[in-house]
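Reader: Here is a structure I would like to go through term by term. Please tell me what each label rests on.

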Amino acid sequence: MNEIQTKEARKQANKKAIKFIIALFILYILFSQGNLLMNSVTTPGARYYNDYITQHFNYIQGLRTALIVPAVWIIKAFGFYAIYNETDVMVVAGPYLRINYSCLGLGVMSFLAAFVLAFPAPWKSTFKMLAIGIVTIYILNVCRIAGLGVLLGLFESQRQNFTYHHEIFNVIVYICIFVMLYLWIKKNTKGVNRGKNEKTDQSKQD
């Protein structure tokens, strides 16, 4: 009887794993490609540009502005004078930074959202992890933009050494997200296992 239950448990676990992988893949494609489509819809001159959507539903620009403004505050706090527009930050006597689509962190946000929504966890825990993860990515991104403005202003002769800041940022963010996901999965899995053990103990007593 125990062997049959073990096989059934493995079968159910394999089904859940396959469902998770399929859901993760589908959600990631939807989120990542949806963001790319919205970027095309809201970029003047792009293939799918739409003026009405750009005027009323442009969350791409909203996120860009939400990154630029606090980053400029931080840069100014370090004694630099900086000005900005919708896409650029110029530090006087310092660097000129353009915040492109690739700088927004929407790729890693798409992965995080897809992973968390696909994983079988309680909705309360899911939304909590989603909010914490997105806010973490956002804060790290603000710090990256501000850090580039300050460091490139302080070390003008070393600007060529900051060429790979995108790659470095992505590595740091993915490490942080994977650590957070590991702890989150461990916590939720522990809760599920505890519930199963309680049910098993109860059935034995009966």
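Author: Start with one atom pair: the side chain of Thr126 comes to 3.5 Å from the backbone oxygen of Ala121. The model is predicted, with local features requiring pLDDT of at least 70 and side-chain atom pairs pLDDT 80 or more, while totals for chains, interfaces and linings use all residues. Numbering starts from 1 along each chain as its sequence is written, and side-chain values use heavy atoms, without hydrogens and water.

Reader: Is Thr126 buried or exposed, and how do you know?

Author: Its relative accessibility is 2%. Buried means under 20%, exposed over 50% and partly exposed in between, with a 1.4 Å probe and protein chains only; Thr126 therefore counts as buried. Thr126 lies in helix α5, residues 123-154. Leaving aside residues up to four places away in sequence, Thr126 touches Val116, Leu117, Ala121 and Trp184, a contact being heavy atoms within 4.5 Å. Across the chain, 34% of the 206 residues are buried.

Reader: Why are β1 and β2 called paired?

Author: Pairing takes at least two DSSP bridges between two strands. β1 and β2 have 3 bridges in the antiparallel sense, so they meet that requirement. Tyr84 stands opposite Val89 in β2, and these two strands form a hairpin with 3 residues between them.

Reader: What about β2 and β3?

Author: Strand β2, residues 88-91, also pairs with β3 in the antiparallel sense over 3 bridges. Asp88 faces Arg98 in β3, and Val89 faces Leu97. In their hairpin, with 4 residues between the strands, Ala93 has a positive phi near 60°.

Reader: What makes a strand an edge strand in this sheet?

Author: The open sheet has its 3 strands in the order β1-β2-β3 with antiparallel pairing. β1 (82-84) and β3 (96-98) each pair on one side only, and these are the edges. From one strand to the next the twist averages 15°. Helix α3 packs on the sheet, touching β1 and β2, and its direction makes about 170° with that of β1; axes are lines fitted to C-alpha atoms, for helices over the stretch in contact, and angles run from 0 to 180 degrees between N-to-C directions.

Reader: Where is pLDDT under 50?

Author: On this scale of the predictor's confidence in each residue, from 0 to 100, residues 197-205 stay under 50, and the model gives them 0 contacts beyond four places in sequence. The chain averages 86, and 86% of the residues score at least 70.

Definitions and conventions. A polar contact is a pair of N or O atoms within 3.5 Å; within protein, one must be able to donate a hydrogen and the other to accept it, and residues adjacent in sequence count only if both atoms are side-chain atoms.
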